[in-house]
Amino acid sequence: MSPHIETGEHKALRAAVAALGAKYGRDYITRTIAEGRPPTELWQEAGKLGYLGVNLPEEHGGGGGGITELSIVLEELGAAGSPLLMLVVSPAICGTVIARFGTDEQKRTWLPALSDGSRLMAFGITEPDAGSNSHRITTTARRDPASGDWLLTGRKVFISGVDIADAVLIVGRTETVSAEEGRTGSLKPCLFIVPTDAEGFQKRPIDMELNAAEKQFELTLDDVRLPADALVGDEDAGLLQLFAGLNPERIMTAAFAIGMGRYALSKAIGYARDRTVWKTPIGAHQAIAHPLAQAHIDLELARLMMQKAAHLYDAGDDIGAGEAANMAKYAAGEACVKAVDQAVHTLGGNGLTREFGLASLITAARVARIAPVSREMILNYVSHQTLGLPKSY
């Protein structure tokens, strides 16, 4: 079976998740945003139905699938107007990293709870002075020689969902990596499970103009003491463990963007079919119809690359998945922004009203271009890694 032709099981999963998404819809998400709370009811029901952990191992309460299946869940919820951003973070990044590199105890403790939605984990990598250059990460872990504990110190920014998370998977570095190595680009990241109620762990909400159910936070870690078993994987494993989480993040961001684009496009198509200004519905005019058709094509092409990336990742091809995941995220981000823009434009003034609920997506769509990696950094990756061109930095 070609990875780009969905199986009957995948089609059934799409239909089932689409039905769940329709049960809640955009109005539900809008209401939770207005009330300043997360979409808890949808999250819990998705967990009970097995959708949150569809990518996690069956022996630990998951569905035994992969990022292919989890991306279907997020895309269909997004297409129904009720996406769950924390799907990108909790099961896709954190769950995947723990499933691949965690100890047996870490797997027993976290994976069943991440799968059923009873616990949630955030992910912390971005820092104020690092930005797109993760090699400049300065969050540092050092050993307490007396106890063997880790002491973690540093800052993180734009960390999603910390207020609803039980722990944050923090990317740091050991103090054996010198500042000079940091400047020259040598990074050996270590990943730590940090409880959000740990002493020395502080969170501060970031005031965002983006309307989203999930809030963004700045974190300060001041000698946060962690037991030796808080480390996930090998402290000398390097980038392999980090990209085990970052590649799924890019794939899932693509799914988020494609779902959002599909939702906006469906609203515009419905409007274009019904809205009559002269003798025929406005959708009969090619100036309206063709841009919507182009938006649909772009979304479908992005989905193909997303499916390729997910297939490569699930097959264990981390290098191939890295290239495809970046391309998928780029294509989906561009397609989403264009689809939302064209949807708003199709509705004219109505596209900016609360009644139709598209205007807020203008800001949300740009997130897919910016996070978790900017389109410019993806173009850098492709030009260097794929095309073999020299770096300018």
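What share of the contacts in the protein with a separation of 6 or more comes from residues 24 or more positions apart? It comes to 72%. Keep in mind that this is a predicted model. Some notes from going through it:

1. Overall build. I count along with the assignment here: 11 helices and 8 strands make up the secondary structure. The radius of gyration is 21 Å, close to the 21 Å from the globule rule for 393 residues, so the protein is as compact as a globular protein of that length. The C-alpha trace spans about 85 × 50 × 45 Å along the principal axes. As for burial, 51% of the 393 residues are buried.

2. Strand β1. Have a look at residues 121–124, which are covered on both faces. M121 and F123 are buried on one side, while A122 and G124 are buried on the other. The strand pairs with β4 (residues 167–174) in the parallel sense, over 4 bridges.

3. Helix α10. Here the buried residues of the helix (residues 359–370) are L361, A364, A365, A368 and R369. They sit on the same side of α10, because the arc they cover around the axis is only 165°. Note that an arginine, R369, is in that buried set.

4. The whole structure has 3 aromatic pairs. In one of them, Y24 and Y28, the ring centres are 4.8 Å apart and the planes meet at 65°, so this pair counts as edge-to-face. Y24 and Y28 are both buried.

5. Aromatic pair across the sequence. Y271 and F356 are also edge-to-face, at 5.7 Å centre to centre with 85° between the planes. Y271 is in helix α7 (residues 239–274) and F356 is in the loop between α9 (318–347) and α10, so the pair ties together parts 85 residues apart in sequence. And the burial of the two partners? Y271 has 12% relative accessibility, so it counts as buried. F356 is partly exposed, its relative accessible area being 26%.

6. A charge over a ring. Check W110 as well: the charged end of R119 sits over its ring, 3.9 Å from the centre.

Key. Residues are numbered from 1 along each chain as its sequence is written. This is a predicted model: local features need pLDDT of at least 70, side-chain atom pairs count only at pLDDT 80 or more; totals for chains, interfaces and linings use all residues. Side-chain values use heavy atoms; hydrogens and water are left out. Buried means under 20% relative accessible area, exposed over 50%, partly exposed in between (1.4 Å probe, protein chains only). Helices (H or I, at least four residues) and strands (E, at least two) are DSSP runs, numbered from the N terminus. The arc is that of the directions from the helix axis to the C-beta atoms. Two strands pair if DSSP finds at least two bridges between them. Rings of Phe, Tyr and Trp (its six-membered ring) pair if their centres lie within 6.5 Å; planes under 30 degrees apart count as stacked, over 60 as edge-to-face and the rest as tilted. A charge sits over a ring if NZ of Lys or CZ of Arg is within 6 Å of the ring centre and within 35 degrees of the ring normal. The radius of gyration is taken over C-alpha atoms; the globule rule is 2.2 Å times the number of residues to the power 0.38. Contact means heavy atoms within 4.5 Å.
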